[in-house]
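Q: Hey, I've just opened this one and I'm new to it. Can you walk me through it?

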Amino acid sequence: MMNQSAIAIFPAVGRVAERRLAALDEIACMTEAMMALAEEGDWDALPEAQAARDAALRACFSAPLTEDTALAAADKIQALLRQNEALVRKVAEAKEKLSQEMQRTKQDYKAVSAYLA
């Protein structure tokens with residue numbers, strides 16, 4: 001007979017659950033800050049902010065929530081998903097804009113090279 005040991009993860013309750021809900025609010029603030037970075041075009045800072053937000057999300061969901069707390073968390077998670085979709089759209093728009101600018105720069109380079117040749 002195989003002896004299996006398992007670690008039971010108990011749901012977060014009380015103050016732990018309250019901290020989890022507060023953490024979700026903080027993650028929403030982190031996402032807003034990321035959106036501001038994208039709007040400012042600060043692409044160097046965005047990956048670090050993403051890594052910090054990912055770590056915060058993992059920590060927030062390291063243990064399950066109780067049913068009551070899970071309902072409140074679900075609303076916050078839906079809001080986070082909407083924020084994330086907006087952030088992804090903003091980054092995709094910036095990527096498209098940069099692609100168009102790069103294409104124009106290539107055309108300008110070809111034109112200048114042709115003139116100088």
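Predicted model: local features only at pLDDT ≥ 70, side-chain atom pairs only at ≥ 80, totals over all residues.

Q: Which helix does R20 lie in?

A: R20 lies in helix α1.

Q: And how far apart in space are R20 and A73?

A: Going C-alpha to C-alpha, they are 8.3 Å apart, while in sequence 53 residues separate R20 from A73.

Q: OK, let's talk helices. At what angle do the axes of α1 and α2 cross?

A: Roughly 165 degrees. Here α1 covers residues 14-40 and α2 covers residues 46-60, and their axes come within 10 Å. Since angles over 145 degrees count as roughly antiparallel, that makes α1 roughly antiparallel to α2.

Q: Is the crossing left-handed or right-handed?

A: Left-handed, as α1 passes α2.

Q: Which residues make that contact?

A: On the α1 side they include R20, A23, L24, I27 and T31. From α2 you get, among others, L46, A49, Q50, R53 and C60.

Q: How many of the contact residues are nonpolar, polar and charged?

A: The α1 contact with α2 has 13 nonpolar residues, two polar ones and two charged ones.

Q: T31 came up there. Is T31 buried or exposed?

A: Buried, because its relative accessibility is 2% and the cut-off for buried is under 20%. T31 also lies in helix α1.

Q: What is T31 in contact with, neighbours within four places in sequence aside?

A: R53, L80, Q83 and N84.

Q: Switching topic: which residues make up the largest nonpolar core?

A: There are eight: L21, L24, I27, A28, C60, L65, A73 and L80. Helices α1 and α3 (67-116) each supply at least two of the residues in this core.

Q: Which helix gives the most to this core?

A: That's α1, with four residues.

Q: Take A28, then. What is A28 in contact with, leaving out neighbours within four places in sequence?

A: A28 is in contact with L80 and Q83.

Q: What about the second core, how many residues does it have?

A: Seven, and it is separate. Among its residues are M35, A38, L46 and L87.

Note on methods:
Residues numbered from 1 in each chain as written. Heavy atoms only, no water. Axes fitted to C-alpha atoms, helices over the stretch in contact; angles between N-to-C directions. Parallel < 35°, antiparallel > 145°, perpendicular 65-115°, else oblique. Left-handed = near helix turned anticlockwise from the far one by under 90°. Contact = heavy atoms within 4.5 Å. Nonpolar A, V, L, I, M, F, W, Y, C, P; charged D, E, K, R; others polar. Core = buried A, V, L, I, M, F, W, Y, C linked by side-chain atoms within 4.5 Å. Buried < 20%, exposed > 50% of the residue type's maximum accessible area, 1.4 Å probe, protein only.
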